[in-house]
Amino acid sequence: MDFMTIIQILDSTMRLATPLLLACLAGLFSERAGIFDIGLEGKMLAAAFVSAAVAAVSGSVWVGLLAGMGASIFLSLLHGLASITFRGDQLISGVAINFLAAGLTVVIGQSWFQIGGRTPSLSGDGRFLPINWPFAEALSETPVIGGIYSELISGHTILVYVSLLIVPLSWYVLFRTRFGLRLRAVGENPAAVDTAGVSVIRLRYSAVIICGVLCGLAGAYLATGLAAGFVKEMTAGRGFIALAALIFAKWRPWHALYACLLFGFLEAIGNRFQSIEIIGISVPVQFMQALPYILTVVILAGFVGKAVPPRAGGQPYVKER
Amino acid sequence: MTLMTKILGAAATLALSATVSVAEPAVIYDLGGKFDKSFNESAFNGAQRWADETGGTFRDIELQSEAQREQAIRRFAEAGFNPVVTTGFAMSSALGTVAADFPDTTFVTIDGYVPDAPNVLIVSFAEHEGSYLVGMMAAMASESNTVSFIGGMDIPLIRRFACGYAQGAKAVSGDINVVSNMTGTTPTAWNDPVKGSELTRAQIAQGSDVVYAAAGGTGIGVLQTAADEGILSIGVDSNQNPMHPGKVLTSMLKRVDNAVYAVLSAGDDAKGGFQSLSLADGGVDFAMDENNASLVSAEMQTAVEAAKAQIIAGELSVHNYTDDDSCPALNF
């Protein structure tokens with residue numbers, strides 16, 4: 001394995017980790033405020049569809065991105081309505097959102113475009129194109145630094161850089177602002193927050209809206225950054241991997257970054273070395289493809305230690321009467 | 001609203017057809033939809049050609065959900081349509097159930113498999129032969145002497161594509177490196193363009209400059225990335241050359257239209273059984289049009305046409321993976 005191969009795998013890691021990271025941070029905000037969200041997958045899917053459809057029709061990926069975020073926020077509010085206002089079961093509401101998105105995207109897509117639930121292929125301004133950093137071409141011949149700079153750092157779409165910036169931003173918002181303190185408190189002990197005269201309902205709604213925005217980014221990145229159009233069920237379980245990463249990261253932003261990079265890295269390895277030979281024994285493809293999932297189980301079961309979710313997570317808040 | 005009209009329309013079509021006394025054929029398209037630019041559209045084209053040439057009429061329905069499979073087949077059979085043509089392997093189990101209840105109706109499954117049903121015609125294609133030809137073209141177009149394959153779900157049918165492709169490539173250049181990847185082992189592998197794209201990049205990194213995708217919706221990501229990264233790609237099932245003009249070397253055609261045309265032409269005489277459509281029957285082929293004319297050299301075309309003639313004449317035999325679950329040219 002030469003240096004270039006390592007760089008290419010890390011480059012692939014960045015691309016694959018980005019949707020996971022955005023979805024993971026989305027879940028982080030929601031769950032820190034006490035709203036469990038297994039509807040990340042559905043929200044990403046809806047955002048992927050709407051962003052690709054609107055970008056295809058309008059020809060502008062930015063309009064598509066906004067529309068995708070809108071769709072995702074809409075589903076978030078639905079989740080909020082069911083689980084905050086009507087105090088329903090958060091898991092059931094999340095499952096419902098997943099089903100809703102999986103079905104609606106295909107039916108609406110078929111009705112709009114008549115190409116089997118897909119959207120037309122995006123081109124030009126309809127998709128996020130890689131951004132080449134200054135001097136990337138010129139430096140690409142330089143040993144080591146050139147490879148790292150031109151392949152690994154340069155040449156991603158803008159959403160990759162945005163997602164990396166959101167990590168410190170999330171950390172700052174959650175741990176250094178008053179809003180963040182209250183948000184975390186509402187996930188641990190909503191009664192205390194309520195006693196202090198802060199609205200639990202409003203805090204929780206803002207958390208699910210932030211969750212919607214981030215899921216929207218994740219979905220739009222899938223459909224308009226990584227691929228060039230929507231294909232049914234294209235999220236392919238990434239929302240659930242993001243949830244695993246969230247538990248793995250114990251609901252902390254920086255750890256979420258590391259967890260998602262690890263999952264992205266494992267997937268990149270699985271893609272690159274489908275049939276690998278180790279000391280004369282060939283490892284079957286199926287094993288390489290299952291590796292991310294096997295490691296998830298191993299890591300979650302053995303190495304993370306105790307992952308304690310926010311204490312009030314999953315419980316609707318009932319004001320004392 | 002439009003959706004509602006559609007459902008009502010479909011229901012009305014089925015209700016109306018109950019009064020038809022002469023046996024008309026019916027076609028049921030799988031979830032991909034009638035105008036999917038691929039498999040199902042090909043079936044529609046065949047039926048339409050039959051209708052144009054004979055002046056006959058046929059009924060068809062596009063499935064909107066999994067649950068409609070059995071319902072649609074049953075309604076057509078009850079209404080007296082004959083033969084009832086279904087596309088896609090996903091129809092197999094629903095078809096098996098209904099076929100047993102209507103022994104006098106002939107059902108057709110394209111790509112599916114329904115065992116022990118005397119009134120079901122199972123149509124399969126010699127994908128290995130078509131893949132062999134595009135494999136030859138890939139090897140001739142490759143400058144790096146490395147070509148690659150991306151399959152959808154890892155099933156024997158897709159391995160048949162891969163194996164034919166590798167044999168074709170190795171027939172041109174004995175020492176060529178054929179990189180083969182499968183997207184996954186679950187049905188999500190058919191619809192993961194993001195993973196298709198990453199696999200393509202990984203194959204490019206391993207030196208491949210022609211990639212053949214037999215992966216359904218995942219293939220869209222493969223063709224896109226190949227076009228973005230400036231390598232050639234090969235489409236599948238229907239002519240996908242126009243998706244990225246000048247970037248798609250060719251497409252391995254599966255002539256579902258010919259199969260549907262033949263069945264509808266037989267009409268009431270269509271009988272159950274097995275039908276394998278090979279290169280000789282015009283069941284598989286490679287696509288040439290104005291989009292790839294500049295990519296395919298005269299030399300390339302001569303060589304492929306010669307191989308095609310040899311396969312048809314029986315002088316050249318392409319190993320079929322599903323015969324013995326092994327491939328001489330490729331390790332899975």
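**Exercise 1. How much of chain B is buried, and how does its overall size compare with a compact globule?**

*Solution.* Buried residues account for 57% of the 332 residues in chain B. This is a predicted model, so please read every value here as computed from it. Next, take the radius of gyration: a compact globule of 332 residues would come out near 20 Å, and chain B has 20 Å, which agrees. Along the principal axes, the C-alpha trace of chain B spans about 60 × 50 × 35 Å. Finally, look at the contacts in chain B with a separation of 6 or more: residues 24 or more positions apart account for 68% of them.

**Exercise 2. Repeat the survey for chain A: what are its buried fraction, its radius of gyration and its secondary structure?**

*Solution.* Start with burial: 49% of the 321 residues of chain A count as buried. Then turn to size. For 321 residues, a compact globule would have a radius of gyration near 20 Å, and the 20 Å of chain A agrees with that. The box filled by the C-alpha atoms of chain A is roughly 70 × 50 × 40 Å along the principal axes. Among contacts between residues at least 6 apart in sequence, 77% join residues at least 24 apart in chain A.

Now the secondary structure. Chain A has 13 helices and two strands, whereas chain B has eleven helices and twelve strands. Chain B is also assigned two domains: domain 1 covers 22-125, and domain 2 covers 128-253 + 284-324. The C-alpha centres of these two domains of chain B are 29 Å apart.

**Exercise 3. Follow helix α13 of chain A: where does it bend, and what covers its buried residues?**

*Solution.* First, the length. Helix α13 of chain A runs over residues 285-303, and its 19 residues reach 26 Å from first C-alpha to last, close to the 27 Å expected at 1.5 Å a residue. Third, the burial. A:P292 is itself buried, as are A:V285, A:Q289 and A:T296. The cover over the buried residues of α13(A) includes α11 (238-248) and α12 (253-272) of chain A, together with β7 (177-184) of chain B.

**Exercise 4. Describe the side of chain A that touches chain B: which elements give residues to it, and of which classes?**

*Solution.* The contact takes 32 residues from chain A and 30 residues from chain B. On the chain A side, the elements that give two or more residues are α1 (3-32), α4 (90-113), α10 (200-226), α12 and α13. Of these, α1(A) gives the most, with five residues. Sorted by class, this side of chain A has eleven nonpolar, 16 polar and five charged residues.

**Exercise 5. Which loop holds A:E233 and A:A236, and what backbone geometry do they have?**

*Solution.* Here is the background: most residues other than glycine have a negative phi, and most peptide bonds are trans. A:E233 is in the loop between α10 and α11 of chain A, and A:A236 lies in the loop between α10 and α11 as well. The phi of A:E233 is positive, near 55°, and that of A:A236 is positive at about 45°. A:E233 is buried, with 21 other C-beta atoms within 10 Å; A:A236 is buried with 23.

For the peptide bond, turn to chain B: the bond from B:N82 to B:P83 is cis, with omega near -10°. B:P83 is found in the loop between α3 (68-78) and β3 (84-87) of chain B.

How values were computed: Residues numbered from 1 in each chain as written. Chains lettered and ligands numbered in written order. Predicted model: local features only at pLDDT ≥ 70, side-chain atom pairs only at ≥ 80, totals over all residues. Helix = DSSP H or I, 4+ residues; strand = E, 2+ residues; numbered from the N terminus. Rg over C-alpha atoms; globule rule 2.2 N^0.38 Å. Buried ≥ 20, exposed ≤ 12 C-beta atoms within 10 Å, placed from the backbone. Contact = placed C-beta atoms within 7 Å. Expected span 1.5 Å × (residues − 1). Domains from an automatic or database assignment. Nonpolar A, V, L, I, M, F, W, Y, C, P; charged D, E, K, R; others polar.
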